[in-house]
Amino acid sequence: MPRPAWADHLLFGLPSDFDISVVRTVGDAATLISTLPNRYRGEGAKNLYEHRKIVGKRVTYRGLIVAWEHDHREVISAFGSEKKLAAALRNVSPPSKRKKPVRAWRGINNIKGAFGMSWTTDRDIACWFAMRSNRPAPSVLVCDLYPQAIVAEHNGRRECELIVDPIELDRHSIFLDDGRGDPYKIYEFDDECHKQVASAEIAGWRAGFDRYKAAKNARSDRRLRRPK
């Protein structure tokens, strides 16, 4: 499918006179965001949201989620805060069908990231995020998320992602998922607590990292082997 001509004018950012009405389909929304340079994608997503009555919720959501998938920091910055972005996503995302709490995990390498918006229903993926860098304090967190906390569900990178409202998340109990019978609540957790995490449990996180990395590599190999 050929790229629309208006996309040729996005290579240096979103023009001030850009006619948002040309974005008519979810494909157009994806083209808009992916053509913009990374640092302008948050601005492009917010522009779509501000004109959601023109382009429609479905198209707006597609633009927001594509921008989030590739440049989430730029999107948060454009909206001004995680709370404002969560409110925007909640306003345009497809309604959730969940009726019961769902167990979710989050991998972090800094305790300050415990209350982030991105969680996953796959523990191995959380292990991958926790262990992918050489930071000194990788951690895997677990929480039973109530449906009202989830503003969007996305699997664009096969990361089984739940995007969570940070206001609602603050009302949940979050634990360190290190296998102990009486796990640390995140409010109690600090660098000293991390020193007490058993090496066997950290090895378990590493095993989850290895499983997910192997699965990613296998998918890449299958794509390369497909006949063109």
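The model is predicted: local features need pLDDT of at least 70, side-chain atom pairs count only at pLDDT 80 or more, and totals for chains, interfaces and linings use all residues. Residues are numbered from 1 along each chain as its sequence is written, and side-chain values use heavy atoms, with hydrogens and water left out.

**Exercise 1. Where is the place of arginine 158, and which residues is arginine 158 in contact with, leaving aside its neighbours within four places in sequence?**

Step 1. Find the loop. Arginine 158 is between β4 (150–154) and β5 (161–164). Strands (E, at least two residues) and helices (H or I, at least four) are DSSP runs, numbered from the N terminus.

Step 2. The relative accessible area of arginine 158 is 47%. Buried means under 20%, exposed over 50%, and partly exposed in between, with a 1.4 Å probe and protein chains only. So arginine 158 is partly exposed.

Step 3. List the contacts (heavy atoms within 4.5 Å). Leaving aside neighbours within four places in sequence, they are Ile125, Tyr212 and Arg219.

**Exercise 2. At roughly what angle do the axes of helix α1 and helix α4 cross?**

Step 1. Take the axes of α1 (residues 26–35) and α4 (residues 57–79). Axes are lines fitted to C-alpha atoms, for helices over the stretch in contact, and angles run from 0 to 180 degrees between N-to-C directions.

Step 2. Read off the geometry. The axes come within 8 Å and cross at roughly 30°.

Step 3. Name the partners. Val26, Ala29, Ala30 and Ile33 of α1 meet Arg58, Val59, Arg62, Gly63, Val66 and Ala67 of α4.

**Exercise 3. What volume does the largest pocket have, and which element gives the most to its lining?**

Step 1. Define the pocket. On a 1 Å grid over the protein atoms alone, a pocket is an open set of points where a 1.4 Å probe fits, with protein on both sides within 12 Å along at least five of seven lines; lining residues have an atom within 4 Å of a point.

Step 2. State the volume. It is about 940 Å³. A volume is the space filled by probe spheres set on the points, which are joined across faces, edges and corners.

Step 3. Inspect the lining. It has 33 residues, and His72, Arg106, Ser118, Phe129 and Arg132 are the closest to the centre. α4 gives the most, with seven residues.

**Exercise 4. Which element gives the most to the lining of the second largest pocket?**

Step 1. Its volume is about 220 Å³.

Step 2. Among its 16 lining residues, Arg103, Val142, Cys143, Asp144 and Phe175 lie nearest the centre.

Step 3. β3 (139–145) gives the most, with three residues.
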